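Please examine the sequence and the structure shown below.

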Amino acid sequence: MKTNKFSIIFMGGLILAVILSNAGSFIRDGVELDNLRSSVLRLHILAESDSENDQNLKLQVRDELLKSGILDGAENLSDAENIALEKLPEIVRISEKTLRENGCDLPVTAEITDMYFDERVYGNITMPEGDYKALRIKIGSAKGHNWWCVMYPPLCLPMACEVKENPETTAVFFTEKQNDIMKKPEKYRIRFALWDKLKKILK
């Protein structure tokens, strides 16, 4: 009888330990997700329309902004955000100059804003869905499909007509766990959905 009680208590303790262990992992992963979201500045460009020409112009603006080095010197998201805010007129100037050189006279607006992004796959990485800081560029009426990437840290490299992930950036700026989150999203989708729901409940 005592043996059975001891076995039940032992098994109960073992199960509790497993639950607590998983809870710890769940919380740690959730914190890494929040840290990832709060450490990047997304670049979000909306084209005038979905015409082939307007979409190409959007990509021309993208390339010039990525090559501009406008956020050089930023050491964290706060630095990047402050630099971008200070240089919004220059960002607009670069964008409009690019359009003018390609025969387009549409106006451009630029702002730093908080945005919700769906999960986005980009090359070998996947940025989890959620709220992020973003440098948002609107070309004309901005009714066309958008393009996104991460402007800080400098994750995207313009390569001819493409833009590719900068592997050096992912290695230097992101933790091992954050790299795992971005490169193996299927491992985390369910737990991150639960994490976000839990945070909403606890607010």
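Ala142 lies in the loop between β5 (130-139) and β6; strands (E, at least two residues) and helices (H or I, at least four residues) are DSSP runs, numbered from the N terminus. Although Ala142 is not a glycine, Ala142 has a positive phi of about 55°. Most residues other than glycine have a negative phi, and most peptide bonds are trans. Ala142 is also buried, with a relative accessible area of 16%; buried means under 20% relative accessible area, exposed over 50%, and partly exposed in between, with a 1.4 Å probe and protein chains only.

Pro153 is placed in the loop between β6 (146-152) and β7 (156-159).

## Basis of the model

This is a predicted model, in which local features need pLDDT of at least 70 and side-chain atom pairs count only at pLDDT 80 or more, while totals for chains, interfaces and linings use all residues. Residues are numbered from 1 along each chain as its sequence is written, and side-chain values use heavy atoms, with hydrogens and water left out.

## The chain as a whole

Seven helices and eight strands are found in the protein chain. Of its 203 residues, 42% are buried. Contacts (heavy atoms within 4.5 Å) can also be described by separation in sequence: among those between residues at least 6 apart, 68% join residues at least 24 apart.

## Aromatic pairs

The structure holds four aromatic pairs. Rings of Phe, Tyr and Trp (its six-membered ring) pair if their centres lie within 6.5 Å; planes under 30 degrees apart count as stacked, over 60 as edge-to-face and the rest as tilted. One of these pairs is formed by Phe26 and Trp195, edge-to-face at 5.7 Å centre to centre, with 75° between the planes. This pair links distant parts of the chain, since Phe26 is in helix α1 (residues 2-37) and Trp195 is in helix α7 (residues 189-202), 169 residues apart. Both Phe26 and Trp195 are buried.

Phe117 and Tyr132 are also edge-to-face, because their ring centres are 6.0 Å apart and their planes are at 80°. Phe117 belongs to strand β2 (residues 108-117) and Tyr132 to strand β5, 15 residues apart. Phe117 and Tyr132 are both buried.

## A charge over two rings

Which residue has its charged end over the ring of Phe117? The residue is Arg42, 3.9 Å from the ring centre. Arg42 also lies over the face of Tyr132, at 4.4 Å from the ring centre. A charge sits over a ring if NZ of Lys or CZ of Arg is within 6 Å of the ring centre and within 35 degrees of the ring normal.
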